[in-house]
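Visitor: I am new to this structure. Please show me how to read it, one feature at a time.

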Amino acid sequence: MKSNLTFIALIIAAAFLAGGCATASRVETDYGTSYKLAKFNQTLNPEAENNLDPVYGMDGKSAGNITDKYQKSFEKPIPAPTFSITIPGMGGN
């Protein structure tokens, strides 16, 4: 009798475990949704790819100067940070 109850309990436990794995979790159903929403919310004009008119606003010489200045900004080495630690009671007075 006891072995029958144990067997039935094991079958019920296995059914619950298998049932839990059979359905898609909330994470699986919403996978990629946050990326799609962020991309949609950051797109000003979704139809911009269809507009083949040239972009006006900055001439080539100005854009070249800005690009050169930007690239030269990386040539300077970054100064090392300096730290100052003050310990009370260790001063000269």
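Guide: Start with confidence. pLDDT is the predictor's confidence in each residue, from 0 to 100. The chain averages 84, and 90% of the residues score at least 70. This is a predicted model, so local features need pLDDT of at least 70 and side-chain atom pairs count only at pLDDT 80 or more, while totals for chains, interfaces and linings use all residues. Residues are numbered from 1 along each chain as its sequence is written, and side-chain values use heavy atoms, with hydrogens and water left out.

Visitor: Where in the chain is confidence lowest, and where is it highest?

Guide: The lowest mean, 78, belongs to helix α2 (residues 26-29). The highest, 93, belongs to helix α4 (residues 60-72).

Visitor: How many helices and strands does the chain have?

Guide: Both are DSSP runs, numbered from the N terminus: helices are H or I with at least four residues, strands are E with at least two. This chain has 4 helices and 0 strands. From the N terminus, the order is α-α-α-α.

Visitor: What radius of gyration does the chain have?

Guide: The radius is taken over C-alpha atoms; the globule rule is 2.2 Å times the number of residues to the power 0.38. A compact globule of 93 residues would come out near 12 Å, but the chain has 33 Å. Its C-alpha trace spans about 90 × 75 × 20 Å along the principal axes.

Visitor: What share of the residues is buried?

Guide: Buried means under 20% relative accessible area, exposed over 50%, and partly exposed in between (1.4 Å probe, protein chains only). Here buried residues make up 0% of the 93. Accessible areas come from the Shrake-Rupley method with a 1.4 Å probe; for residues, only the protein chains shown count as cover. The chain's accessible surface is about 9700 Å², with 63% belonging to carbon and sulfur atoms.

Visitor: Is Gln42 buried or exposed?

Guide: Gln42 sits in helix α3 (residues 33-42). Its relative accessible area is 68%, so Gln42 is exposed. Tyr31 is 11 residues away in sequence and 19 Å away in space, C-alpha to C-alpha.

Visitor: How should I read aromatic pairs?

Guide: A pair of aromatic rings is described by the distance of the centres and the angle of the planes. Rings of Phe, Tyr and Trp (its six-membered ring) pair if their centres lie within 6.5 Å; planes under 30 degrees apart count as stacked, over 60 as edge-to-face and the rest as tilted. By this rule there is 1 aromatic pair. Tyr70 and Phe74 form it edge-to-face, at 5.1 Å centre to centre and 90° between the planes. Tyr70 is exposed at 53%, and Phe74 is exposed at 58%.
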